[in-house]
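Here are my notes for you to read alongside the model.

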Amino acid sequence: MSFLNYENDILKFEDISIREIAEGRATPFYCYSKQTLTNNFREFSDSLTSLDATVCFSLKSNSNLTILKTLTELEAGGDVVSEWEMRKALQAGMKPNKIVFSGIGKTASDIQFAISNNCLQINAESLDELDHINRIASVSGKIQKVGIRINPDIQSETHKKISTGSLEDKFGISIEQTYEIFQNPQNYPNLEISSIAFHIGSNIKDLTPFQRTFEIIGELVAKINSETKKINTVDVGGGISPEKRNFTFEDYRNLIVKYFDTENLKFIFEPGRLIAANAGILVSKVLYTKNITGKKFVIIDAGMNDMMRPALYDAHHEIMPDVRTSEYDEINTDIVGPICESSDVFLNIQKFNKVKSGQYVILKDVGAYGSTMSSNYNARPLIEELMVDGSQIRIIRKTQSYEDFIKNEI
Ligand code: LLP
């Protein structure tokens with residue numbers, strides 16, 4: 001069910017119109033729907049009930065504290081890739097034993113923080129890193145649970161810049177090396193290496209790459225466990241696209257049941273986009289419009305610094321006016337931001353509702369990798385974030401102030 005709908009041509013998010021949300025507020029701003037977030041998380045975790053599963057929301061997709069608290073109330077764990085992400089997860093109340101620490105380039109202080117705060121497991125991505133984690137664990141006098149992130153060498157047919165599971169990509173350890181690690185646990189006396197992890201890419205719409213991965217890794221886990229009985233947890237990563245998929249959550253779960261010994265294994269899931277993407281919109285205002293030789297530009301006040309997915313990945317995000325009319329411009333139109341870069345284009349469209357200066361427009365499906373990837377480029381502030389719940393509006397992040405922006409510069 002969508003919580004973003006036109007009612008009598010007025011765009012509403014949950015029970016409140018965009019106009020009412022935006023009234024008296026500076027634009028642009030992010031706005032999230034609590035009900036969408038909650039439904040997304042519940043729907044996914046309910047589909048896994050037959051498994052011993054921990055759903056660790058991937059904080060890189062959205063790490064706003066209120067969003068995290070909302071998910072923590074639903075018993076979410078977290079997938080984190082830096083000390084600060086882990087700190088935010090803990091601050092939001094996530095249990096340490098539901099926090100997985102991933103990432104290809106963890107620093108000594110990341111690892112120390114993860115170990116001293118008793119995270120569920122650290123996923124290692126190279127032999128070098130494994131030695132490093134072992135050394136730090138031995139200094140802390142702890143035995144740290146570790147997952148080996150495998151690179152299964154699978155093409156996932158998603159955008160090249162968000163594919164992670166092929167040997168061309170920097171991520172993970174090969175199957176052969178992984179096997180050797182499990183043969184030689186004596187090399188890592190301070191580690192309990194008892195998990196396999198993988199993540200083949202993001203925004204995956206087709207079940208086949210998951211199937212091929214589960215098949216390859218399922219076989220490896222069975223082989224290792226038939227010899228050593230070492231692996232008790234499989235971390236299947238994230239990557240499921242929230243839209244235009246050719247499979248259901250049930251199909252996905254059934255594949256896990258098919259390829260893994262689900263009676264004896266625990267599973268970790270790390271969804272990000274699936275939970276947060278369609279829970280967020282970016283509300284912006286039209287600044288100007290102009291026509292140049294057969295082309296129209298609609299210049300809005302949100303820029304690529306606020307939401308960089310279209311500029312970086314050519315990502316398509318629908319743009320909707322807050323009031324829909326029957327008047328359209330049927331002309332090649334670029335909806336662009338104010339940043340001094342030609343790549344600051346959100347959408348190219350051939351037919352768009354006639355809009356004029358001062359009108360609100362929204363960008364859809366920006367709750368994941370929107371705010372977390374924003375920057376101060378062009379010395380623009382990090383923008384306000386709101387959450388709606390029914391007809392209630394809450395500020396969940398204040399607009400960055402100039403003083404805050406400048407305070408660490410000399
Ligand atoms: N686990 C690991 C180890 C990951 O690297 C990622 C995402 C996830 C989980 C969550 O994946 P999701 O369920 O959200 O697909 N900035 C890009 C996406 C980069 C994803 C990086 N890793 C974008 O805006 O499309």
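Is Asp314 buried or exposed? The first point takes this up, after a word on the model itself.

This is a predicted model, in which local features need pLDDT of at least 70 and side-chain atom pairs count only at pLDDT 80 or more, while totals for chains, interfaces and linings use all residues. Residues are numbered from 1 along each chain as its sequence is written, and side-chain values use heavy atoms, with hydrogens and water left out.

1. Asp314 is exposed, with a relative accessible area of 69%. The terms here run as follows: buried is under 20% relative accessible area, exposed is over 50%, and partly exposed is in between (1.4 Å probe, protein chains only). Asp314 sits in the loop between helix 11 and strand 15 (319-321); helices (H or I, at least four residues) and strands (E, at least two) are DSSP runs, numbered from the N terminus. Its phi is near 55 degrees, a positive value in a residue other than glycine.

2. Asp9 is another residue to look at for its backbone: phi is near 70 degrees, again positive in a residue other than glycine. Asp9 belongs to the loop between strand 1 (4-7) and strand 2 (10-13) and counts as partly exposed, at 33% relative accessibility. As background, most residues other than glycine have a negative phi, and most peptide bonds are trans.

3. Pro28 lies in the loop between helix 1 (18-22) and strand 4 (29-33).

4. Now to the domains. The domain assignment gives domain 1 (4-33 + 277-406) and domain 2 (63-271), with bounds that come from an automatic or database domain assignment. Taken over C-alpha atoms, the centres of domain 1 and domain 2 are 34 Å apart. The contact (heavy atoms within 4.5 Å) takes 12 residues from domain 1 and 11 residues from domain 2.

5. How much area do domain 1 and domain 2 bury between them? The value is about 840 Å², with 59% of it on carbon and sulfur atoms. Buried area here is the accessible area (1.4 Å probe) that two parts lose on being put together, summed over both. On the domain 1 side, Tyr313, Met387 and Ile396 lose the most area to domain 2, together 46% of what that side buries.

6. Across this interface of domain 1 and domain 2, the rule finds 0 salt bridges, a salt bridge being a side-chain nitrogen of Lys or Arg within 4 Å of a carboxyl oxygen of Asp or Glu. The rule does find 1 residue pair in polar contact there (both at pLDDT 80 or more). A polar contact is a pair of N or O atoms within 3.5 Å; within protein, one must be able to donate a hydrogen and the other to accept it, and residues adjacent in sequence count only if both atoms are side-chain atoms.

7. Helix 11 (309-313), strand 21 (384-389) and strand 22 (392-397) each supply at least two residues of the side of domain 1 that touches domain 2. Strand 22 gives the most to that side, with 3 residues. By type, the residues of this side divide into 7 nonpolar, 1 polar and 4 charged. Ala, Val, Leu, Ile, Met, Phe, Trp, Tyr, Cys and Pro count as nonpolar, Asp, Glu, Lys and Arg as charged, and the others, Gly among them, as polar.

8. The whole structure has 16 salt bridges. One of them pairs Asp334 with Lys295, the closest N and O atoms being 2.9 Å apart. Asp334 lies in strand 17 (residues 332-336) and Lys295 in strand 14 (residues 295-300), so the pair ties together parts that are 39 residues apart in sequence. Asp334 is buried, at 9% relative accessibility, whereas Lys295 is partly exposed, at 23%.

9. Lys407 and Asp404 also meet in a salt bridge, at 2.3 Å from N to O. Lys407 counts as exposed, at 55% relative accessibility, and Asp404 as partly exposed, at 33%.

10. Lastly, Ser47 lies in the loop between helix 2 (34-46) and strand 5 (52-58). Ser47 is buried, at 13% relative accessibility. Leaving aside neighbours within four places in sequence, Ser47 is in contact with Phe249 and Arg253.
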